[in-house]
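Here are my notes on this entry, point by point. Please read them with the structure open.

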Amino acid sequence: MQLSNLPSICLHRDQENSVLFFSASFPNCIMENLMNPAHIFSNVLNPCDFRLSWISLGVTAALVMAFSHILLMTYGPLVIAELRVKLGNMPRLPPGSMGIPFWGESLDYLKSWSNPQNPDVWYDIRRAQHGKFFKTHILGSPTVVMLGPEANKFILINENKLFDNSWPQSVKVLIGDQALIMSSGARHKRLRRVIRSVLDQETLKKNVGKIEKIVLQHFNSNWNSNGHVIRAFDQIEDLVLCVAADYLMGLKPGEALEGFKRAFLDFGPGVLSHPLDLPWTVFGKAKRARASLLSQIHAQIQNRLKLQNRNGIAMDSEKTRNVYGEDNFLDMILSARESEESSDFRLSDEEIADNMLALLSAGQDTTASALATIVKYLCITPHVLKKLRQECEKVREQKNAGESLRWEEIKGIEYLSKVVSEGLRIVAPVNGGFKSAKTDIFYGGYTIPKGWKVHYSMRQTQNKGEYFENPEEFDPERFDKRREPFCFIPFGQGNRMCPGNEFARIEIEVFLYHLVLRYDWELVEPEELVNMYFIPRPLHGLPLLLKPPAP
C-alpha cells in the first residue's frame, strides 16, 4: 500500500493557545469513494484498486474513531461543564487549560517533579497565570487545583459534605479498593478504628523498646563509623521497611522480606502515574509488582494462621499478645476477626492484604524520605546538630547503660520534635491529596463541577514565604511561633489524617536520637539533587562519610 493513499490527521491550537482541534486530510481515492459510492463498485473490474480503497477507508475510519474517543475523554467533561454552567446561570469555571488529548497536562505535571531547580514549577507557572485556583486535566481526570491554607481547610473540613475521598486511577488500582485510603463513610470509620488500635499512642508506648531494638541492630550491622561511605538513603529505606514489616506483620529479616524489597522497587514509582497499562510503562510494571506483593502478603497470612493453630491459640487478641510478646497488626486481626466481641476486626483476607500493602508502602517511602531530608540538613546546619545532640545527651546521662528508651523520654526532647517537624516542612514527603466534588460547588467566584477531581498541595504552603519566613532555611525553632492553621499539614487533617502519623514520628525520633549520639557524618555529594517524583529521594542515595562523634 502506498503511504500517499493513507489519511493524515493534524493537531492545531487556537490563537489563545488554549483549545486544541484537529483536521484530517484524505487522499483522492478515498474522497472519490466518499463522494461517489458507486465508484467503489466500479473497482470490481480492478480488484487491486478495490481492496486498496476499502483498506484506506477502513484505516481512516479507525483513526477518526480512536481520535474522537480521545478528544471526548479529554475535553468532553469540559464541554459538558461549560454548557451546564451557562444553562444553569452559575459562576464560570476556573481559568486554566485541559492540555493535549489523552495526556492532558500530566506530562508537564510529572516532569516538573524532576526539575532540579524548582520541582514546583508546574504549580508556580499556573499560579502566576491564573492564581491559586485553576482547572487542568492530570492523571486521567479533569481537575480543579486549589492552593493555600484557606483552600486546604475548605477541602478537608468538607469531606463527606461537599467532597468524597478520591484518588487518581493509578492509586486506586495499585493500592486497592479495600484499603483505608480508598474507603468512605461507615466503612472508613470501621477500618480507621481497626488500624488505629495498633498504631495509636497507647499501643506505641509499649513498643518503643521494640522499635529501638531494630534500629540498633541495623546500626550495628550496616552503619560502620570507621571512615566508611554508605548510601544512607538505601540503608534508611531498608531500616524503615524492617521496622514496619516487623511491627505490622511480625516479619523478620530473611528471604521473605527481601522479596518485599525487590517488589517495592517497581511498585512505588507507579502509584502516582498516568494509568497507561502496558507491560513496559511505569504503571504496568507497578501492577505486576502489586500482584507479587499481594501474593507474599497472602502467604504471610497463611503462615501466621498456621503458627497460631500450631500453638493452639484461641481467637483472642490478648492471648496472641502474650504468646508472641508483641502487638502486630496481622496477628491481632487474625486473632480477633472471629470474636463476637470484636466485629470491627472481621476483615477478609483481601481487606487485610490491601491495607497491609498501603501501610507498608507509606511506612517505607514517606518515612525514609523524611529521614533522608533531616540527615542531610543536620549536616548542612551544624548548629542545629550540636543543639540536638546536647538535648539527647541529657536524656542519655539519666539512663543506665543498655536501658531501653521510654515514650516519655523521647517525647520529652522538645527540640527533637521541632527538628522532625522542620524536616517534614522543608521537603514534604507527600505533595498533596485528591478529592472529588459530590455536587456543583461554588467557591472563590467559580464553579467546581460535580464529579471533577479537586487537588490540594502541602508543598504550596509549606515552602512559600507568605506562610513561612525564609522557607528555604532549615530552622526548627520556627515552630516556637504560632502559624496560620492548615498551612502545615504533613499528615493531613481531620478524619483523613494519616493513622500512622504517630508511628512515623516515633520511628524517626528513635532513629535520630541514636544517630546523633553514635555518629558524625559528612555529605560526600553536598550538591546532590533530589528527585521529587511521587516521594522525594536523593538521586545518588545520599552517600555519607561516617565518623565517631567528636568528644
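1. Buried, in this note, means under 20% relative accessible area; exposed means over 50%, and partly exposed lies in between. The model is predicted.

2. Start with strand β4, residues 141-146. It is mostly covered: six of its six residues are buried. In a regular strand the side chains alternate between the two faces of the sheet. Here S141, T143 and V145 point one way from β4. P142, V144 and M146 point the other way. Both sets are buried.

3. Which strand runs antiparallel to β4? It is β3, residues 133-138, joined to β4 by six bridges. T136 stands opposite T143 in β4. The two strands, β3 and β4, form a hairpin with two residues between them. Look at L139 in that turn: its phi is positive, about 55°.

4. Strand β4 also pairs with β10, residues 453-457. Three bridges join them, and this pair runs parallel. V144 stands opposite V454 in β10.

5. Now the helices. The axes of α12 (residues 255-270) and α16 (residues 349-380) come within 12 Å and cross at roughly 85°. Angles of 65 to 115 degrees count as roughly perpendicular, and α12 and α16 are therefore roughly perpendicular to each other.

6. Which residues make the contact of α12 with α16? From α12 come F260, F264, F267 and G268. From α16 come L357, L360, S361, Q364 and D365. By class, the contact has five nonpolar, three polar and one charged residues.

7. The crossing of α17 past α19 is left-handed.

8. What does α17 bring to its contact with α19? V384, K387, L388 and E391. They meet Y415, L416 and V419 in α19. The residues of this contact divide into five nonpolar, no polar and two charged.

Notes
Residues are numbered from 1 along each chain as its sequence is written. This is a predicted model: local features need pLDDT of at least 70, side-chain atom pairs count only at pLDDT 80 or more; totals for chains, interfaces and linings use all residues. Side-chain values use heavy atoms; hydrogens and water are left out. Axes are lines fitted to C-alpha atoms, for helices over the stretch in contact, and angles run from 0 to 180 degrees between N-to-C directions. Helices (H or I, at least four residues) and strands (E, at least two) are DSSP runs, numbered from the N terminus. Angles under 35 degrees count as roughly parallel, over 145 as roughly antiparallel, 65 to 115 as roughly perpendicular and the rest as oblique. Contact means heavy atoms within 4.5 Å. Ala, Val, Leu, Ile, Met, Phe, Trp, Tyr, Cys and Pro count as nonpolar, Asp, Glu, Lys and Arg as charged, and the others, Gly among them, as polar. Buried means under 20% relative accessible area, exposed over 50%, partly exposed in between (1.4 Å probe, protein chains only). Two strands pair if DSSP finds at least two bridges between them. A crossing is left-handed if the near helix is turned anticlockwise from the far one by less than a right angle, and right-handed if clockwise.
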